[in-house]
Amino acid sequence: MAQIVTYDDAIEYLINKQSLGIKPGLERIIKCLDALDNPQNKYKIIHIAGTNGKGTVAATIAKALQDSGYKVGLFTSPWVVDYREQIQINGEFIGKSDFVKLTKVLQDMDTDCTEFECLTALMYLYFAQQNVDYAVVECGMGGKGDATNVEAENLSVITSISLDHTDFLGSMIEDIAAEKSGILRKNGTCVLYNDELAHIFKDRCKRLVTGGLNDNLSLVNAVLKELDVNAVNSLVRLSARQEYKNGVLLDGGHNLAAAKALEPLVNGDTALIGMMKDKDVDGYLSVIAPKCKKIIATNVSNPRAISANELCKLAKKYCNNVVVCDNPEDALTCKPTLICGSFYLIREIYNLI
């Protein structure tokens with residue numbers, strides 16, 4: 001591709017990297033960050049892994065630190081409204097000019113990093129250049145082999161763990177927990193949501209904090225206590241996480257645990273659903289579909305997506321009224337009251353709702 005000049009050029013450069021797919025492993029990102037003088041080691045990092053709630057927990061910790069007077073970087077994924085929302089400092093998206101400059105740095109390096117690895121390197125470099133006090137960093141997937149897992153020291157936070165990304169992380173909770181425990185540091189502290197998995201984490205860090213952390217607010221406040229920051233009374237609300245927008249309930253959760261969390265809010269809805277084929281699609285539908293009056297199965301513009309026709313077949317096991325609408329934008333004319341199953345789906349139509 002030609003040299004990056006504009007913001008659109010920078011986005012195109014990163015999006016083109018999607019063709020490399022998901023490649024767990026740290027070789028490429030370590031080589032890239034070494035060339036950038038390891039910016040990830042120039043500030044304090046709070047590193048968050050887990051299956052559900054990572055984004056909410058990360059955003060709430062970042063906001064509490066900001067309210068206490070710190071300059072705080074926040075890295076979360078995936079994005080819903082604006083690509084730059086994944087990289088923020090004190091609640092402000094990375095500026096377009098900074099985004100272009102830093103993407104040009106990566107292009108000039110001719111790195112073989114994937115899209116997420118490039119985004120991670122860009123994030124760590126931006127936070128170093130902006131002299132943040134803390135970076136709150138959400139793992140993309142797993143832990144041990146995730147591109148974010150490159151810092152020398154951290155405070156590790158593990159949110160609730162359940163089955164997800166089983167093709168990459170293993171088919172048992174213990175396997176997934178072991179993968180996520182890879183972000184722990186021998187001389188560091190870990191705050192853990194799942195008490196019953198403590199045996200997997202306790203020998204991988206100097207200090208393990210557990211004990212009744214059975215909701216995300218309790219987990220956040222346990223982290224804030226470690227940081228000597230005042231407790232908070234509520235969690236930050238994020239886009240497409242049980243969000244109501246113009247009377248439509250939006251939820252990008254895509255696994256069985258997310259379905260169970262959403263289920264109490266579903267009651268005779270017309271649901272527009274699109275999902276990735278590498279998720280437990282049947283498990284998700286078994287919880288959500290029986291509570292829907294009608295389901296519109298649709299396609300999502302992602303190579304990992306399950307086809308609308310295949311999704312329809314699975315949904316018919318649990319709901320008598322299931323139709324196919326290939327284009328999610330067209331499906332909005334059916335006035336769904338629930339849109340769920342994938343952040344990628346919600347991203348496509350968020351601004352149209």
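Visitor: Why does Tyr134 count as buried?
Guide: Tyr134 has 7% relative accessibility. Buried means under 20% relative accessible area, exposed over 50%, and partly exposed in between (1.4 Å probe, protein chains only). At 7%, Tyr134 therefore counts as buried.

Visitor: What makes Tyr70 partly exposed?
Guide: Its relative accessible area is 30%, so Tyr70 is partly exposed.

Visitor: What kind of model is this?
Guide: It is a predicted model, where local features need pLDDT of at least 70, side-chain atom pairs count only at pLDDT 80 or more, and totals for chains, interfaces and linings use all residues. Residues are numbered from 1 along each chain as its sequence is written, and side-chain values use heavy atoms, with hydrogens and water left out.

Visitor: How many aromatic pairs does a search of the whole structure find?
Guide: Seven. Rings of Phe, Tyr and Trp (its six-membered ring) pair if their centres lie within 6.5 Å; planes under 30 degrees apart count as stacked, over 60 as edge-to-face, the rest as tilted.

Visitor: Why is the pair of Tyr70 and Tyr134 called edge-to-face?
Guide: The ring centres are 5.2 Å apart and the planes stand at 90°, so the pair is edge-to-face. It links distant parts of the chain, 64 residues apart. Tyr70 is in the loop between H3 and strand E2 (72-75), and Tyr134 is in strand E5. Helices (H or I, at least four residues) and strands (E, at least two) are DSSP runs, numbered from the N terminus.

Visitor: What values describe the pair of Tyr83 and Phe99?
Guide: Centre to centre, 5.9 Å; between the planes, 85°; the pair is edge-to-face. Tyr83 lies in the loop between E2 and E3 and Phe99 in helix H4, so the pair ties together parts 16 residues apart in sequence. Both Tyr83 and Phe99 are buried. Together with Tyr7 and Trp79 they form one aromatic cluster.

Visitor: How do you know that Arg84 lies over the face of Tyr7?
Guide: A charge sits over a ring if NZ of Lys or CZ of Arg is within 6 Å of the ring centre and within 35 degrees of the ring normal. Arg84 is at 5.8 Å from the ring centre of Tyr7. Lys245 lies over the face of Tyr350, at 4.1 Å.

Visitor: What makes a set of residues a nonpolar core?
Guide: Buried Ala, Val, Leu, Ile, Met, Phe, Trp, Tyr and Cys residues must be joined through side-chain atoms within 4.5 Å. The largest such core has 38 residues. Those with the most contacts inside it include Tyr83, Phe99 and Phe127. Among the elements that give two or more residues are helix H4 (96-109), helix H5 (115-129) and strand E5 (134-138). H5 gives the most, with ten. Apart from this core lies another, of 27 residues, among them Ile61 and Val232.

Visitor: Why is Asn52 called buried?
Guide: Its relative accessible area is 18%, so Asn52 is buried. Asn52 lies in the loop between strand E1 (44-49) and helix H3 (54-67).

Visitor: How do you know that E7 pairs with E6?
Guide: Two strands pair if DSSP finds at least two bridges between them. E6 (residues 155-158) and E7 have four, in the parallel sense. E7 and strand E8 (residues 207-209) have three, also parallel. In E7, Cys190 is the bridge partner of Ser156, and Cys190 stands opposite Leu208 in E8.
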